[in-house]
Amino acid sequence: MTRLMGPARAGISRRGILKGGAAIGAATLVTPWGTPLRAEPRRGGVLRIGIAHGNTSDNVDPAVAEHVFTQMVIQATNVYLTEILPDGSLVGEAAESWEASEDAVTWTFRLRDGIRFHDGRPLTAADVVASLDYHRGEGSTSAVKSLLEQVAELRADGDTTVVFVLSSGNADFPYVVSDYHMPIKPATDGAIDPLGTVGAGPFVFESFEPGVRATFTRNDDYFKEGRPYFDGLELLSIVDAAARQNALISGQVDVIDAVDLPTVHLLERAPGIRIISLNGGQHFGFPMDTRAAPFSDNNVRLALKYAIDRQELVDKILSGYGSVGNDMPVNPSMPFFDDTIEQREYDPERARFHLREAGMDSLSVDLHVANAAFDGAIDAGLLFAESAAAAGITINVVREPDDGYWSNVWMVKPFVGTYWGGRPVMDLMFTTAYAAGAEWNETFWDHPRFNELLVAARTELDQGLRQEMYSEMQRIVRDEGGIIIPMFANYTMAHSDRLAHPEQVGANWVLDGFRAPERWWFA
């Protein structure tokens with residue numbers, strides 16, 4: 001078993017962010033076991049990926065991509081201004097370079113020459129502006145609208161230069177435009193077609209059956225020389241964990257994005273199968289609608305946070321492939337992580353105390369979950385119910401259908417299951433899911449001090465002061481936020497030994513930061 005553990009990013013200096021750029025170079029070439037290769041990767045073959053998500057309501061609109069199946073579809077066909085490499089460093093993708101004013105308010109990105117969309121049109125600054133403006137409109141429901149609210153002005157300066165003027169400084173802004181919701185799509189009359197399938201990425205769209213499969217062919221005009229190595233790509237939605245692993249073992253797929261952890265020991269012994277487990281920022285949790293009783297009472301939220309046995313979930317749901325969470329969406333892989341914050345432990349008596357503070361002797365709530373939320377979500381809910389009973393809390397686990405979970409249950413029911421991939425910096429995570437009014441603020445939380453610090457930390461260039469601000473924000477989320485985060489889950493994938501990949505695999509997202517189709521090859 002190849003078990004690669006480590007932080008999701010490398011340390012990066014402020015200077016390196018304020019003025020940066022990158023050449024697109026070749027990664028170190030190795031076998032799946034880490035042995036350096038003597039030859040270049042081989043071209044050919046169709047990569048088939050079994051994915052643990054997918055709904056019949058899926059589409060290719062990047063603004064609403066909410067799970068791995070649609071995220072992979074969008075990533076395969078598009079390019080972004082910046083890219084996070086496997087070592088966590090940030091480089092330019094469509095952007096050849098960027099630089100910022102000293103106060104980090106004005107950012108100027110210069111585009112690479114020669115990038116073309118699949119229909120032959122050149123990628124220009126006007127396309128970048130239209131692609132990002134799509135998320136910024138007054139009626140936008142994009143998941144990243146909150147991330148781009150800081151952009152006061154966005155303009156093209158000729159065909160190859162894009163200028164962002166922010167409402168206030170942001171030292172991490174180049175990370176923002178690497179987000180998977182922000183691909184660069186071709187513009188017509190100043191607007192993009194969000195459901196259009198033409199991009200400039202490594203693969204050309206061929207077919208799409210929502211919740212079932214998507215197929216692609218190699219983009220022979222892709223600007224990264226030699227890539228992708230596969231002639232084609234097929235993404236298959238296989239939500240059932242046993243069916244997904246059987247598809248890998250039987251050779252119906254070449255790689256799966258999520259291993260069934262309770263049976264991972266069986267897969268480890270299967271001939272021709274390799275396991276990759278990466279310690280990134282992925283976390284599983286149970287968000288509560290803080291507008292709805294009884295979750296509007298922070299004492300109720302704290303009672304539930306103390307009523308869950310975190311280590312039991314890591315042991316039984318993750319089979320040890322992860323670590324306990326502390327009710328905040330950050331872990332040591334992120335800069336400004338505060339390791340002095342006390343780890344919350346299972347404490348039924350403390351839970352009872354908070355119930356009494358809420359004026360209650362007991363509590364009964366419904367928890368709506370499906371394994372579409374995360375592998376093992378139903379079992380996690382049942383274990384939560386068992387541990388909470390000792391605190392006088394009854395959790396009724398309501399099993400919801402996998403299909404339609406993200407549209408009919410998540411952010412609809414008041415107490416549900418959820419999963420989040422990691423983000424490279426805290427500002428992206430907090431702004432996407434915790435800022436007041438953010439489209440994916442799944443707890444509908446609105447904390448004035450947190451919101452104030454969010455803006456202040458983003459604009460502060462003194463690293464010591466930023467640390468103080470982010471430390472306070474972590475404590476506020478942990479102690480007053482609306483989500484229970486009991487565990488951080490490794491990205492645990494499996495693939496056939498027919499596949500090869502660079503020695504370092506990205507842990508910023510599953511499947512090599514969603515880029516396995518571009519970076520991997522058949523051995």
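Let's start with the rings: a search of the whole structure turns up 29 aromatic pairs. Keep in mind as you look around that this is a predicted model.

How buried are the two rings? Phe 109 has 0% relative accessibility, so it counts as buried. Phe 164 is also at 0% relative accessibility and counts as buried.

Now jump to Tyr 180 and Trp 509, another edge-to-face pair, with 5.1 Å between centres and 85° between planes. Here the link is between distant parts of the chain, with the partners 329 residues apart. Tyr 180 sits in the loop between helix H5 (173-176) and strand S9 (187-188), while Trp 509 is in the loop between strand S23 (499-500) and helix H16 (510-513). Tyr 180 and Trp 509 are both buried.

Have a look at Phe 284, Phe 286, Phe 295, Phe 374, Phe 384 and Phe 415, which ring pairs link into a cluster.

Next, some charges over rings. Arg 344 places its charged end over the ring of Tyr 306, 4.9 Å from the ring's centre. Arg 498 does likewise with Phe 522, its charged end sitting over that ring at 4.4 Å from the centre.

Then there's Arg 515, found in the loop between H16 and helix H17 (516-519). Is this arginine buried or exposed? Its relative accessibility is 7%, and since the cut-off for buried is under 20%, Arg 515 counts as buried. What does Arg 515 touch, leaving aside neighbours within four places in sequence? Its contacts are Gln 75, Tyr 80, Glu 83, Glu 93 and Lys 224.

Not counting residues up to four places away in sequence, Thr 70 touches Asp 58, Asn 59 and Ala 65.

Note on methods:
Residues are numbered from 1 along each chain as its sequence is written. This is a predicted model: local features need pLDDT of at least 70, side-chain atom pairs count only at pLDDT 80 or more; totals for chains, interfaces and linings use all residues. Side-chain values use heavy atoms; hydrogens and water are left out. Rings of Phe, Tyr and Trp (its six-membered ring) pair if their centres lie within 6.5 Å; planes under 30 degrees apart count as stacked, over 60 as edge-to-face and the rest as tilted. Buried means under 20% relative accessible area, exposed over 50%, partly exposed in between (1.4 Å probe, protein chains only). Helices (H or I, at least four residues) and strands (E, at least two) are DSSP runs, numbered from the N terminus. A charge sits over a ring if NZ of Lys or CZ of Arg is within 6 Å of the ring centre and within 35 degrees of the ring normal. Contact means heavy atoms within 4.5 Å.
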